Each structure stands twice: as structure tokens, then as C-alpha cells.
Amino acid sequence: MENSGGKLMEFVSALQGLRPLVHSPKRLAVMACLNSVDTANYQTLKAYMGVDYPALSKAVGALEEAGLVKVTKTFEGKVPVTDLSLSRKGRKVYSEYLQCLDRIVVGFRQ
């Protein structure tokens, strides 16, 4: 197979762009869900993803620590409500991650 150096560099760069923080299935799912909305209720996200509280909490905690997800806690009456949203940085990182995946999926075709 013949390949130009530029295409090879694009592919290698795309591989390097896959951030391990985002690449985890649960964290990627959180980012994908949050990217599609302005905010999401923690309970709704937990049910939609089909994960338990500790698994979602761990995924959200890592993303929040990196500044990719914002967590807002309020009360509806006496009931605590946790809302999640992607930060501006989180949306940028997610978009860049998808661009890297798009390049990798193309493989040798480009």
C-alpha cells in the first residue's frame, strides 16, 4: 500500500488525539449525552445509561475534575437535584475527540 507522509501524520495525530479521559465508555457516554442537551438531570442520565450511582458518580467526577462537566446541585422542595452540563471546554474537547475518531475510522481510504 502506498501512503503519503501527510496522510500518515494525520492518522498518527488522530490516534494521539484520543484522550484516555474521554475514551472510557462511561465517560464518553456521559459526554455524548450532555453534548446533545444544555443540561441533564443526574437521575435521568443514570437511567438512560443504565448504570448504577457509583459508576456514574465516578465518571462524572473525573470529567468534572478535568473541567469538562459542570455539576449544579439545587433543591426542589426538600429533594436534592443534580444537574449536569458540558462546560465550554468539555464541548471543545468532545468535538476534537470526534474529529480524531472520524479520521481514524477512514483508515486507508484517504
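**Figure 1. Lining of the largest pocket.** Helix H4 (42-49), helix H5 (53-65), strand E2 (69-76) and strand E3 (79-86) each contribute at least two residues to the lining of the largest pocket. The model shown here and in the other views is predicted. H5 gives the most to this lining, with five residues. The pocket has a volume of about 240 Å³. By class, the lining holds seven nonpolar, five polar and two charged residues. Rolling a probe the size of a water molecule over the atoms shows where empty space is left.

**Figure 2. The open sheet of three strands.** The strand order is E1-E3-E2, and the pairing is antiparallel. Strand E1 (40-41) and E2 are the edge strands, each pairing on one side only. E1 and E3 are joined by two bridges in the antiparallel sense. At this pairing, alanine 40 has leucine 84 of E3 as its bridge partner.

**Figure 3. The hairpin of E2 and E3.** E2 and E3 run antiparallel and are joined by eight bridges. Glutamate 76 has its bridge partner in E3, at valine 79. Two residues lie between the strands of the hairpin. Here glycine 77 takes a positive phi near 70°. Both strands also reach the largest pocket, where E2 and E3 each supply at least two lining residues.

Figure 4. In soluble globular proteins, nonpolar side chains tend to be buried together.

**Figure 5. Helix H6 and its end.** H6 covers residues 88-106, 19 residues in total. From first C-alpha to last, H6 reaches 28 Å. That is close to the 27 Å expected at 1.5 Å a residue. Which H6 residues are buried? They are Gly90, Val93, Tyr94, Tyr97, Cys100, Arg103, Ile104 and Val106. Just after the helix, glycine 107 takes a positive phi of about 60°.

**Figure 6. Arginine 103.** Arginine 103 is found in helix H6. Is arginine 103 buried or exposed? Its relative accessible area is 11%, so arginine 103 counts as buried, the cut-off being under 20%. Arginine 103 and valine 12 are 91 residues apart in sequence. In space, the two are 9.7 Å apart, C-alpha to C-alpha.

**Figure 7. Leucine 15.** Leucine 15 sits in helix H1 (residues 5-16). Its relative accessible area is 44%, so leucine 15 is partly exposed. How many residues separate leucine 15 from valine 105 in sequence? They are 90 residues apart, yet 11 Å apart in space, C-alpha to C-alpha.

Definitions and conventions: Residues numbered from 1 in each chain as written. Predicted model: local features only at pLDDT ≥ 70, side-chain atom pairs only at ≥ 80, totals over all residues. Heavy atoms only, no water. 1 Å grid on protein atoms, 1.4 Å probe; cavity = no way out; pocket = protein on both sides within 12 Å on 5 of 7 lines; lining within 4 Å. Points joined across faces, edges and corners; volume = space filled by probe spheres on them. Helix = DSSP H or I, 4+ residues; strand = E, 2+ residues; numbered from the N terminus. Nonpolar A, V, L, I, M, F, W, Y, C, P; charged D, E, K, R; others polar. Expected span 1.5 Å × (residues − 1). Buried < 20%, exposed > 50% of the residue type's maximum accessible area, 1.4 Å probe, protein only. Pairing = 2+ DSSP bridges.
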